[in-house]
Amino acid sequence: MSFETKAIHAGRSVDRTTSAVTMPIHLSTTFERAEDGTYPNEFIYSRENNPNRQALEHCLTSLEDGHDCVTFASGMAAISSVIEALPADKPRRVIMPNDMYYGIRSLLSDTDIGINFDIDVVDMTDLNQVEKVVKKAPTGLVWIETPSNPLVKVTDIAAIAGIVQQAGAYTVVDNTWATPILQRPLSLGVDFSIHAATKYIGGHSDLMIGAVIAKSDSQMLANLRAWQHAKGAVPSPFDCWLALRGVQSLAPRMATHCSNAAAIADFLNQHPKVEAVHYPGLADNPGYAIAARQMDSFGGMLSFQVKGGEREAMTVAAKVQLLIRATSLGGTHSLIEHRASVEGSTTTAPPNLLRLSIGLEHVDDLKEDLAQALG
């Protein structure tokens, strides 16, 4: 089946009891055993499994053409679980990109993960650097984020996966910004694809959920499932139901996100008060050729730097009337955010940078709002 069809049908069917076309929300925390002590429907307790969670995991596995999916209560719960699930026979060394989601940097600096694992940071867009760092010492896990947050850097997934495989390590791609319809990391040799499904998969800024899709069976996948069950950071049935609802419209939503973002990037790239635009769909972007090869479109996220500095950037963000000054991304509303002030003293974002999550509004209205804000 094509992606659009799988997004609507994979993991669910007409309800056998009521003939409802939309899957019911199963809020029960426990399930009855049969007279012989077995569980005929496989469900025991909602921390172990739940019909809504099972349906979502089957759906996301299908969309990524993977082997299995493990969902968590948030994207950060999924991220921390992936790192901690590194098997005991693998080196406790993790290589991270130098441009990555701020929440991961906080995870490494503020929790015991940063103590229990050796973390190396490298520019993932430089293959020579990556190969050098991977060979420097035994490595257990290499983390790729592409496109990256907030500079929208593009990493050559297949090339990095080849380097990592030779080193006997696992490769993980944070595929949140690209979504399964734009980029399929597992087909490029990666072991795990991870999503903050709170974002584009949910698509309406009304749920919190994370997902990890595995390319094949492995000890690390078994650990992830054990972490989910034993540590209990599971998504609620309602959030799973919302994610399944959202994923049905992912393909048409992403088409609009991408076309709007491309038009806004071009508009900003020509504006006299804009210093730089970071968007892989611009022909002069350093990641354009790689993105064109490994992505079906260039995504709905971009960032730009305002001429003059931080004060001027904050002024632009303060003057918007249609775009909303808020964090997160991937919803129907367009959002604008000054990343450096959000991240604080440890930020790697330029002080004059504004990040945009382009929504589903009419693109001319978005252009008009940015034009008046830029003056």
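**Close-up views of pockets, a cavity and a helix pair**

**View 1. Helix H3 gives the largest share of the lining of the second largest pocket, three residues.** This is a predicted model, and the pocket shown here has a volume of about 430 Å³. Of its 23 lining residues, Tyr101, Ala196, Lys199, Ser328 and Leu329 lie nearest the centre. The elements that supply two or more residues to this lining are helix H3 (75-84), helix H4 (102-110) and helix H14 (339-343). By class, the lining of the second largest pocket divides into 10 nonpolar, eight polar and five charged residues.

**View 2. The largest pocket holds about 660 Å³ of space.** Here 21 residues form the lining, and the closest to the pocket centre are Asp15, His26, Asn41, Phe43 and Pro51. Nine nonpolar, seven polar and five charged residues make up this lining.

**View 3. One cavity of 30 Å³ or more is found in the structure.** The largest cavity has a volume of about 40 Å³. Look for Pro97, Asn98, Asp99, Asp123, Met124, Thr125, Glu145, Ser148, Lys153 and Thr155 around the largest cavity. Its lining counts two nonpolar, four polar and four charged residues.

**View 4. Helix H11 (residues 250-269) meets helix H15 (residues 363-374), with axes that come within 10 Å.** The axes cross at roughly 30°, under the 35 degrees limit, so H11 and H15 are roughly parallel to each other. The crossing of H11 past H15 is right-handed. On the H11 side, the contact uses Asn260, Ala263, Ile264, Phe267 and Leu268; H15 brings Val363, Leu366, Lys367, Leu370, Ala371 and Leu374. Nine nonpolar residues take part in this contact, along with one polar and one charged.

Key
Residues are numbered from 1 along each chain as its sequence is written. This is a predicted model: local features need pLDDT of at least 70, side-chain atom pairs count only at pLDDT 80 or more; totals for chains, interfaces and linings use all residues. Side-chain values use heavy atoms; hydrogens and water are left out. Axes are lines fitted to C-alpha atoms, for helices over the stretch in contact, and angles run from 0 to 180 degrees between N-to-C directions. Helices (H or I, at least four residues) and strands (E, at least two) are DSSP runs, numbered from the N terminus. Angles under 35 degrees count as roughly parallel, over 145 as roughly antiparallel, 65 to 115 as roughly perpendicular and the rest as oblique. A crossing is left-handed if the near helix is turned anticlockwise from the far one by less than a right angle, and right-handed if clockwise. Contact means heavy atoms within 4.5 Å. Ala, Val, Leu, Ile, Met, Phe, Trp, Tyr, Cys and Pro count as nonpolar, Asp, Glu, Lys and Arg as charged, and the others, Gly among them, as polar. On a 1 Å grid over the protein atoms alone, a cavity is a set of points where a 1.4 Å probe fits but cannot get out, and a pocket is an open set with protein on both sides within 12 Å along at least five of seven lines; lining residues have an atom within 4 Å of a point. Grid points are joined across faces, edges and corners, and a volume is the space filled by probe spheres set on the points.
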